[in-house]
Amino acid sequence: MSTAYDLTGAGPADADADADADVAEAAGVAGIAGVATDWAAADPYSAALRTGRGPLFLRRADGWLLPLEVERWCARADPADLAILDRCEGAVLDVGCGPGRLVAELAARGRPVLGIDVSEAAVAHTLELGGQALRRSVFDPLPGEGRWATVLLIDGNVGIGGDPLALLRRAADLLVPGGLLIAETAPVDVDERAEVEVVGLPEAGGTGRAFPWARLGTPALLRYAHREGWRTAGQWTAGGRCFLALRSRSARSSAEPPKSTAVISSQWARNPSAERPVADR
């Protein structure tokens, strides 16, 4: 790498070497599935990524639909995406990277970056774009734990697992003390949990595997984050999308309660998604 990043406090050169080593480790084990299980080739999410287009939805049991923006995910990073990436610090972990547009853009900038996703199709697409990606859940063991300078939860991935507190705690474990979390929130004030499944058409059958998901607006995410000791580092909107930057605690407190070690059992609960709410039906 041409640019050194101080990720660990050990000095720029050493930090850069650590970041590159973590990404290299990921590249070496990118074919390992972790706790994720294989999905059928007909899985609607994987099929949509392979074609680069929808329609694709998250569907609740009551029929409520959340449209997913497959075409945007499969396109190049747009101005709203670039504004996110301009704020990134040091080595970046993109959680639920999807088809890899953010990973590819950061890699093209010469930044240490790794995408993780439970979808085999998403990881394959990211690799084809020239990024590094690993088929893992955010709750699986990951390279460089405690050494990432920035963690991304974009395209609705703040909803992973349906448990915002558990996800915030996991992000804090992955980051260096004082590290940066950039999350995309719903453009409405909402705080909800639901069991959902992925479907191609509203009337179509899904995977048959419902999973927990959350939708959070900025006020809700701020409430959870402040409870966990995060501090606000920025808040903005771009392209009709809402974003929040949070900074983790500068140091772990010995009085801090133990972190949650819960592992989400459904791999689709850790799949990328967009936050484009539609009205309740």
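**View 1. Left-handed crossing of helices α2 and α6.** The crossing of α2 and α6 is left-handed in this predicted model. Helix α2 spans residues 44-51 and helix α6 spans residues 120-128; their axes lie 8 Å apart, at an angle of about 20°. Angles under 35 degrees count as roughly parallel, so α2 and α6 are roughly parallel to each other. On the α2 side the contact is made by Y45, S46, L49 and R50, and on the α6 side by A121, A122 and H125. By residue class, the contact of α2 with α6 comprises 4 nonpolar, 2 polar and 1 charged.

**View 2. Right-handed crossing of helices α4 and α5.** The crossing of α4 and α5 is right-handed. The axes of α4 (residues 79-87) and α5 come within 11 Å and cross at roughly 55°. This angle makes α4 oblique to α5. From α4, the residues D81, L82 and L85 meet R101, L102, E105 and L106 of α5. The contact of α4 with α5 divides into 4 nonpolar and 3 charged residues, with no polar ones.

**View 3. Helix α5 and the residue that follows.** Helix α5 covers residues 101-108, and its buried residues are R101, L102, V103, A104 and L106. Of these, R101, L102 and L106 also take part in the contact with α4. After α5 comes G110, which has a positive phi, near 80°.

**View 4. The largest nonpolar core, around L93.** The largest nonpolar core has 49 residues, and those touching the most other members are L93, L181, W230 and L246. Helix α7 (residues 164-174) gives the most to this core, with 6 residues. Neighbours within four places in sequence left aside, L93 is in contact with L114, I116, L142, W148, T150, V151, L152 and L174. A second, separate core holds 20 residues, among them C88, V103, V113 and V123. V103 is also one of the buried residues of α5. In soluble globular proteins, nonpolar side chains tend to be buried together.

**View 5. E71 in helix α3.** Helix α3 runs over residues 70-74 and contains E71. The relative accessibility of E71 is 44%, and E71 therefore counts as partly exposed. With neighbours within four places in sequence set aside, the contacts of E71 are G52, R53 and G54. The C-alpha atoms of E71 and L49 are 8.7 Å apart in space, while the two residues are 22 residues apart in sequence. L49 is also one of the α2 residues in the contact with α6.

**View 6. The cis peptide bond between G54 and P55.** The peptide bond that joins G54 and P55 is cis, with omega about 10°. P55 is placed in the loop between α2 and β1, the latter spanning 57-60. G54 is also among the residues in contact with E71.

**View 7. D155, with positive phi.** D155 is not a glycine, yet has a positive phi of about 60°. D155 sits in the loop between β6 (148-153) and α7. Buried means under 20% relative accessible area; D155 has 6% and is therefore buried.

Key: Residues numbered from 1 in each chain as written. Predicted model: local features only at pLDDT ≥ 70, side-chain atom pairs only at ≥ 80, totals over all residues. Heavy atoms only, no water. Axes fitted to C-alpha atoms, helices over the stretch in contact; angles between N-to-C directions. Helix = DSSP H or I, 4+ residues; strand = E, 2+ residues; numbered from the N terminus. Parallel < 35°, antiparallel > 145°, perpendicular 65-115°, else oblique. Left-handed = near helix turned anticlockwise from the far one by under 90°. Contact = heavy atoms within 4.5 Å. Nonpolar A, V, L, I, M, F, W, Y, C, P; charged D, E, K, R; others polar. Core = buried A, V, L, I, M, F, W, Y, C linked by side-chain atoms within 4.5 Å. Buried < 20%, exposed > 50% of the residue type's maximum accessible area, 1.4 Å probe, protein only.
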